[in-house]
Amino acid sequence: MPERNIEFGKYGARGIKGHEAVARQLDDLAGYIATPVTARRGLVARLNYLTRTAHARAAAAALGFTPSTAQLTGWADGSITPRRATLEKIEQAYRTMRRENVARYLLARLNRDGRGTRVEVHPINQSQVSRPHQREVSLRHMNVRRWDRIVAAWAAGADQELDDAWVEQVIDLGSQWGQYEYVTNIGFAA
């Protein structure tokens, strides 16, 4: 695409890709368990989420999380300490399942029956860019009405699809949409 940045940060600008900021905001809205998986309380909460019902156990098994009953009991009561790789697998399975479970609710809230959601796009940080290379980039507001592709890509963890879906929305900012490919933050609520 003609407006895509090839050498972002060459003159000292700082920011992240817009789709990464959207994913962060959607993660915040998903409401993950705050206690880390390394703490016993966080581990037990995640294990309960992954094994509470037959449907949850089947979904966890589809994600590759298939511990034995003895392992689950030992992890829950603290008699067995899971290895770091196992903790990462538990965290990944939990986050993936949580995204899938929350996606439909978030989609309905963000689309709001076709009215969409107001989004603030905060531009890149140019404080480290020398004066002649700075450009005028201001805070922008836009109304995103079609969240289907964005939420589906986020729930699936498909980074490239999320980027494409986000760029499709940012193009609505007009001819200078490429200035908002990288941002410091994107804010919206559901």
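**Salt bridges and a helix pair**

Arg46, Glu91 and Arg95 are linked in a network of salt bridges. The model is predicted, with local features needing pLDDT of at least 70 and side-chain atom pairs pLDDT 80 or more, while totals for chains, interfaces and linings use all residues. Residues are numbered from 1 along each chain as its sequence is written, and side-chain values use heavy atoms, without hydrogens and water.

Q: What makes glutamate 91 and arginine 95 a salt bridge?
A: Their closest N and O atoms are 2.7 Å apart. A salt bridge requires a side-chain nitrogen of Lys or Arg within 4 Å of a carboxyl oxygen of Asp or Glu, so the pair qualifies. By this rule the count comes to five salt bridges.

Q: Why are glutamate 91 and arginine 95 separated by about one helical turn?
A: Because they are four residues apart in helix α5; helices are DSSP runs of H or I with at least four residues, numbered from the N terminus.

Q: Is glutamate 91 called buried or exposed?
A: Glutamate 91 has a relative accessible area of 15%. Buried means under 20%, exposed over 50% and partly exposed in between, with a 1.4 Å probe and protein chains only, so glutamate 91 is buried. Arginine 95, at 31%, is partly exposed.

Q: Which parts does the salt bridge of arginine 99 and aspartate 27 tie together?
A: The two side chains meet at 3.0 Å, N to O. Arginine 99 lies in helix α5 (residues 84–111) and aspartate 27 in helix α1 (residues 18–30), so the pair joins parts that are 72 residues apart in sequence. Both arginine 99 and aspartate 27 are buried.

Q: Why are α6 and α7 called roughly antiparallel?
A: Helix α6 (residues 148–156) and helix α7 (residues 159–170) pack at about 160 degrees, with axes 8 Å apart. Angles under 35 degrees count as roughly parallel, over 145 as roughly antiparallel, 65 to 115 as roughly perpendicular and the rest as oblique. The helices α6 and α7 are therefore roughly antiparallel.

Q: What makes glutamate 168 and arginine 149 a link between α6 and α7?
A: Their closest N and O atoms are 2.4 Å apart, in a salt bridge. Glutamate 168 lies in helix α7 and arginine 149 in helix α6, so the pair ties together parts 19 residues apart in sequence.

Q: How do you know that glutamate 168 is partly exposed?
A: Its relative accessible area is 35%. Arginine 149, at 43%, also counts as partly exposed.

Notes: Axes are lines fitted to C-alpha atoms, for helices over the stretch in contact, and angles run from 0 to 180 degrees between N-to-C directions. Helices (H or I, at least four residues) and strands (E, at least two) are DSSP runs, numbered from the N terminus.
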